[in-house]
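Take a moment to look over the chain before reading on. We will go through it piece by piece.

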Amino acid sequence: MRKKGNTVLAGLIICLLLVFLAAAGKLFGAYLKYQKGDVSYEKLQEYVQEPEEEESPESEKEKEEPKNRYLEIDFAGLKAVNPDVIAWIQIPALDISYPVVQGKDNAYYLHHLFSGESNINGSIFVDCHNQPDFTD
């Protein structure tokens, strides 16, 4: 009787180990997909330049007010990679700096990167029914 209990326990442990390994494999696969997306978007940073700092004497009042310094985006280069690009979004406090695309439907960019590769990351996109110049 004791031997049968040990066999059931060993079988249960093996099943749990297999479930654990399968879950770990799925998590690792998802991690690799996210890494691929990160690398893809890091390559797009070559189309973006930070504005240069001006070194001029400023009064105390000017130093207190933050100046708006906008990114310089090479949209012609980005459109050569993907003609669906319509904007660039940047939120410095959150370290967000990505292209914004607009496809023919809203489903495509849910699971495709800016480069067109299929990926779980997807892309930041504007609804296909909106105007690409943000006038609506």
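Which residues make up the largest nonpolar core? Keep in mind that this is a predicted model. The core has 12 residues in all. They are Tyr 41, Leu 44, Tyr 47, Val 48, Leu 71, Leu 78, Val 85, Trp 88, Val 101, Tyr 109, Leu 113 and Phe 114. In soluble globular proteins, nonpolar side chains tend to be buried together. Pick out Leu 78 in this core. Leaving aside residues up to four places away in sequence, Leu 78 touches Leu 44, Tyr 47, Ile 73, Val 85, Trp 88 and Phe 114. Buried residues account for 21% of the 136 residues in the chain.

Now step back to the whole chain. It has three helices and five strands. Starting at the N terminus, the elements run α-β-α-β-α-β-β-β. Among contacts with a separation of 6 or more, 43% join residues 24 or more positions apart.

One example of such folding back involves strand β2, which covers residues 72–73 and includes Glu 72. Glu 72 and Gln 49 are 23 residues apart along the chain, yet 5.1 Å separates their C-alpha atoms. Beyond residues up to four places away in sequence, Glu 72 touches Tyr 47, Val 48, Gln 49 and Pro 51. Two of these, Tyr 47 and Val 48, belong to the largest nonpolar core.

Three strands form an open sheet in the order β3-β4-β5, with mixed pairing. The edges belong to β3 and β5, and each has a single partner strand, so one side of each has no neighbour in the sheet. Strands of a sheet pair through backbone hydrogen bonds, either parallel or antiparallel. β3 and β4 run antiparallel and are joined by six bridges. In that pair, Ile 89 stands opposite Tyr 98 of β4. β4 and β5 pair in the parallel sense, over two bridges. There, Val 100 has Ile 124 of β5 as its bridge partner.

The hairpin of β3 and β4 has four residues between the strands. Asp 95 sits in this loop. Most residues other than glycine have a negative phi, and most peptide bonds are trans. Asp 95 is not a glycine, yet its phi is positive, about 55°. Asp 95 is also exposed, with a relative accessible area of 69%. Phe 134 shows a positive phi too, about 65°, and is not a glycine either. Look for Phe 134 in the segment after β5. Phe 134 is partly exposed, at 49% relative accessible area.

How much space lies in the largest pocket? About 190 Å³. Which elements each supply at least two residues of its lining? They are α1 (2–43), β3 (85–91) and β4 (96–101). By class, the lining has five nonpolar, three polar and three charged residues.

Technical notes. Residues are numbered from 1 along each chain as its sequence is written. This is a predicted model: local features need pLDDT of at least 70, side-chain atom pairs count only at pLDDT 80 or more; totals for chains, interfaces and linings use all residues. Side-chain values use heavy atoms; hydrogens and water are left out. On a 1 Å grid over the protein atoms alone, a cavity is a set of points where a 1.4 Å probe fits but cannot get out, and a pocket is an open set with protein on both sides within 12 Å along at least five of seven lines; lining residues have an atom within 4 Å of a point. Grid points are joined across faces, edges and corners, and a volume is the space filled by probe spheres set on the points. Ala, Val, Leu, Ile, Met, Phe, Trp, Tyr, Cys and Pro count as nonpolar, Asp, Glu, Lys and Arg as charged, and the others, Gly among them, as polar. A nonpolar core is a set of buried Ala, Val, Leu, Ile, Met, Phe, Trp, Tyr and Cys residues joined through side-chain atoms within 4.5 Å. Buried means under 20% relative accessible area, exposed over 50%, partly exposed in between (1.4 Å probe, protein chains only). Contact means heavy atoms within 4.5 Å. Two strands pair if DSSP finds at least two bridges between them.
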